[in-house]
Amino acid sequence: MQAQFAHEQAQGFLRQRNRFAVLAGVLGLTTLVSFGAAATRDEQVVLVPITAERITVSSGGIDAPYLELVTRDTALMLLNRAPESLDYWMANILKLADPAAHGALKAELVQIVEEQRGSDISQAFVIAEINVDPKALTSSVTGTLKTFVGAQVIASQRRAFRFRWSKRGLSLALAGFEQLPTDKEDIGQ
């Protein structure tokens, strides 16, 4: 009788162990699927509304509307400057710089600051067109660059500039910029 009782009790423990083993297997499989989904899912950050459309940055890539807005703001900050605000101007552009390009950008900006400091020369840029390539992480802006001495406009020229960007995680940074050759210039408006 005791052997039969012990056998029934052992069978109960065996069934209980098998249920726990199945439950552990299901939980383990669920955990693996969850980790796999989390690792392959694109990260997204919702950006502050600066336009009527909703813009996000994801780990999957940069959207063209976002790159256009960043290009617009960077071009306006970079190309609108006056001698009174040169230190602020340079510091804010360097905040956008990719760490790998920081030194080269700073060297270009210091050269501009040295040329313009102490003068009455200011410049303003009026954007006419922006083109972006989110896959290549480049953008270009075309417009009119006006140069002032005091309040007098001494030059008004059509100019184009190219911006190179780098992406690390969800961060977009300025890797470089250059002036592009233009076909025609209007001087002395």
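Mentor: In this predicted model, Ser139 stands opposite Phe163 in β5. Strand β4 spans residues 138-149 and strand β5 spans residues 152-168; the two run antiparallel and are joined by 12 bridges. Strands of a sheet pair through backbone hydrogen bonds, either parallel or antiparallel.

Both strands belong to an open sheet of four strands, in the order β3-β4-β5-β6, where the pairing is antiparallel. At the edges stand β3 (121-133) and β6 (171-180); each has a single partner strand, so one side of each lacks a neighbour in the sheet. On average, and with direction ignored, neighbouring strands of this sheet are turned by 30 degrees against each other.

Helix α2, residues 64-79, packs on the sheet and touches β3, β4, β5 and β6. The direction of α2 makes about 165 degrees with that of β3.

The axes of helix α3 (residues 86-96) and helix α4 (residues 102-116) come within 10 Å and cross at roughly 165 degrees. Angles over 145 degrees count as roughly antiparallel, which means that α3 is roughly antiparallel to α4. The crossing in which α3 passes α4 is right-handed. On the α3 side, the contact involves Leu86, Trp89, Met90, Ile93 and Leu94; these meet residues of α4 including His102, Leu105, Lys106, Leu109 and Gln116. By type, the residues of the contact of α3 with α4 comprise 10 nonpolar, two polar and one charged.

Technical notes: Residues are numbered from 1 along each chain as its sequence is written. This is a predicted model: local features need pLDDT of at least 70, side-chain atom pairs count only at pLDDT 80 or more; totals for chains, interfaces and linings use all residues. Side-chain values use heavy atoms; hydrogens and water are left out. Axes are lines fitted to C-alpha atoms, for helices over the stretch in contact, and angles run from 0 to 180 degrees between N-to-C directions. Angles under 35 degrees count as roughly parallel, over 145 as roughly antiparallel, 65 to 115 as roughly perpendicular and the rest as oblique. A crossing is left-handed if the near helix is turned anticlockwise from the far one by less than a right angle, and right-handed if clockwise. Contact means heavy atoms within 4.5 Å. Ala, Val, Leu, Ile, Met, Phe, Trp, Tyr, Cys and Pro count as nonpolar, Asp, Glu, Lys and Arg as charged, and the others, Gly among them, as polar. Two strands pair if DSSP finds at least two bridges between them.
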